[in-house]
Every structure is written in C-alpha cells, then in structure tokens.
Amino acid sequence: MKPEIHPDYHNITVKMTDGTSYETRSTWGAEGDVMTLDIDPVSHPAWTGVHRLIDSGGQLAKFNKRFEGFGLE
C-alpha cells in the first residue's frame, strides 16, 4: 500500500439520543470529540417499527395546509 494516503483514525465518543454513549475509532472530527446523534437505531422507525411523522422545516405542515380541503386525515 502507498504510504501517507490513508485517513487518520482516532478515538471519538458517540452519544445516542437516549443519553448512552460509546467510544469508537473514526475519521470524523478530532481525537476526543463527541458526536451527538439526532436519529439512531434506538429512535429510527426502520429499527423500532414505530412510525412517527417528523416535521423537518415545516414541509409536513405545508402539505397538510395545501390539501386540508380534500377530506384526508
């Protein structure tokens, strides 16, 4: 392998949405940084099976307002 072309791996802490955390090696950030997750396997519907509507940036509200007269709930 070619020398000096590989990324620098270092230890970071990943903080989950429920407050738990773990340490892993990554190329993200700098040594000792904390990555705080907004969505993780504890809260994401793909893993939990519970589907919630998350309104990011008001898109869901805009859709509901546009189509409120159609009688859809």
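Hi everyone. Let me start with a word we will need: a residue is called buried when its relative accessible area is under 20%, exposed when it is over 50%, and partly exposed in between. What you see above is a predicted model.

First, the overall layout. The protein contains 3 strands and 2 helices, and starting from the N terminus the order is β-β-β-α-α. Of its 73 residues, 11% are buried.

D40 sits in the loop that links β3, residues 34–36, to α1, residues 45–48. Why does D40 count as buried? Because its relative accessibility is 2%, and the cut-off is under 20%. What does the side chain of D40 reach? That would be the backbone nitrogen of T17, at 2.8 Å.

In the loop between β3 and α1 we also find L37. L37 is partly exposed, because its relative accessible area is 23%, and partly exposed covers values between the buried and exposed cut-offs. If you look from L37 to D18, the two are 19 residues apart in sequence, and their C-alpha atoms are 9.7 Å apart in space.

Let's move on to the surface. Which residues form a negative surface patch? They are D8, E23, E31 and D33. Take D8 from that group: you will find D8 in the segment before β1, which spans residues 10–15. D8 has a relative accessible area of 56%, so D8 is exposed.

How values were computed: Residues are numbered from 1 along each chain as its sequence is written. This is a predicted model: local features need pLDDT of at least 70, side-chain atom pairs count only at pLDDT 80 or more; totals for chains, interfaces and linings use all residues. Side-chain values use heavy atoms; hydrogens and water are left out. Patches are made of residues with over 30% relative accessible area and no salt bridge: like charges are joined within 9 Å, nonpolar side chains (Val, Leu, Ile, Met, Phe, Trp, Tyr) within 5 Å. Accessible areas come from the Shrake-Rupley method with a 1.4 Å probe; for residues, only the protein chains shown count as cover. A salt bridge is a side-chain nitrogen of Lys or Arg within 4 Å of a carboxyl oxygen of Asp or Glu. Lys and Arg count as positive and Asp and Glu as negative; His and the chain ends are not counted. The place of a charge is taken as NZ of Lys, CZ of Arg, CG of Asp or CD of Glu. Helices (H or I, at least four residues) and strands (E, at least two) are DSSP runs, numbered from the N terminus. Buried means under 20% relative accessible area, exposed over 50%, partly exposed in between (1.4 Å probe, protein chains only). A polar contact is a pair of N or O atoms within 3.5 Å; within protein, one must be able to donate a hydrogen and the other to accept it, and residues adjacent in sequence count only if both atoms are side-chain atoms.
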